[in-house]
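Subject: Structure handover

Hello,

Here is the structure for you to look through. My notes on what was found in it follow below.

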Amino acid sequence: MINDTIGSIPSITDIDHDDHHATSASLSSSPLSQTNCHGLWYTIILSIPAVLFVLYLGFHLKKNIKKLRNRRSHVMITYYVLLWFSATLNLAWCSLQVWQCVPGKELSWNLLSLLTSLGTLCLEISLVAFLLQESYASGLETLAHTFIVSGVIVGADILLKAICVFGFHVPLFIDGETTHRGKWGLWALDELLLTCTYGYILFVHYSKWRDKLPPRPSFYNYVVVMFVVTGIALFGCGFASLGVGFGLWLYNFMVICYHTLYLPFVYVTFLADFFQEEDLLLDNAYYSEMKDAGFFDSDLE
């Protein structure tokens, strides 16, 4: 009887073997397994442009702060701070891609992704809201109205994403999960709303109501580019939801373009002229002084 009892007790080696087998099975079934990690080159492609842009902002920080302080434009100050906030979060998001497949980092990755989406989406929506103002003004009242509208929209969007991620466990920010219908449905809705918004602005611009929009060509170049980008991303989400590999590739490609090029594009379109305007005025003044002094008389002869 004792022998039967001893024979029924599993040995230590059997316990170790079973634990190892269970651990291997749980890791292989986890959405954060190593097979779902992006490669090193993917992280490098995302990180290098983000690092260069932050370094560029830092290199011109002192000069830009001086110009913002002298000219006291509340709109430009707000967007410059928001740009710094978005660029910093975007750099962290790009360089910490490995968190997607590190056990115990799922919560941190989802929070970082939500904060990054909050920064970039707030910048994007507030620019659209500012563009839709009937007058291109820069007062505090216009700025407050712009951020109230954009804040409500962005807050609702981020709240919906947070509920889906933490409440219903939708792998919204896990790239390894490619077959979840809820994930692609939510991203498709997001891209659809943005595409319709940019399409509406273009429709107004080319209609008889175009006078209600600010007469600045760079704004409409921005809208055209964003309309194309969100439209392509929408098609990518649609194909990915049907299980088409090309749709997944197309959407991932647009994600790379968005996280590497969007913030520099915003800076060039909306802020670069503001920071360079004073330098151009000084150059024109120097040219006028040299012309009055007769430095260019020989060229006329």
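Leaving aside neighbours within four places in sequence, S73 is in contact (heavy atoms within 4.5 Å) with L68 and F274. S73 sits in the loop between α4 (61-71) and α5 (74-95). With a relative accessible area of 16%, S73 is buried (under 20% relative accessible area, with exposed over 50% and partly exposed in between; 1.4 Å probe, protein chains only).

This is a predicted model, where local features need pLDDT of at least 70, side-chain atom pairs count only at pLDDT 80 or more, and totals for chains, interfaces and linings use all residues. Residues are numbered from 1 along each chain as its sequence is written, and side-chain values use heavy atoms, with hydrogens and water left out.

The mean pLDDT (the predictor's confidence in each residue, from 0 to 100) is 80, and 77% of residues reach 70 or more. For residues 1-35 the pLDDT is below 50, and this stretch has 14 contacts in the model beyond near neighbours in sequence. The pLDDT is also below 50 over residues 280-287, a stretch with one such contact.

The protein has eleven helices and zero strands (DSSP runs numbered from the N terminus: helices are H or I, at least four residues; strands are E, at least two). Helix α6 (residues 106-131) has 26 residues and spans 37 Å from its first C-alpha to its last, close to the 38 Å expected at 1.5 Å a residue (1.5 Å times one less than its number of residues). Helix α6 is mostly covered, with 20 of its 26 residues buried.

Of the 301 residues of the protein, 37% count as buried.

Regards
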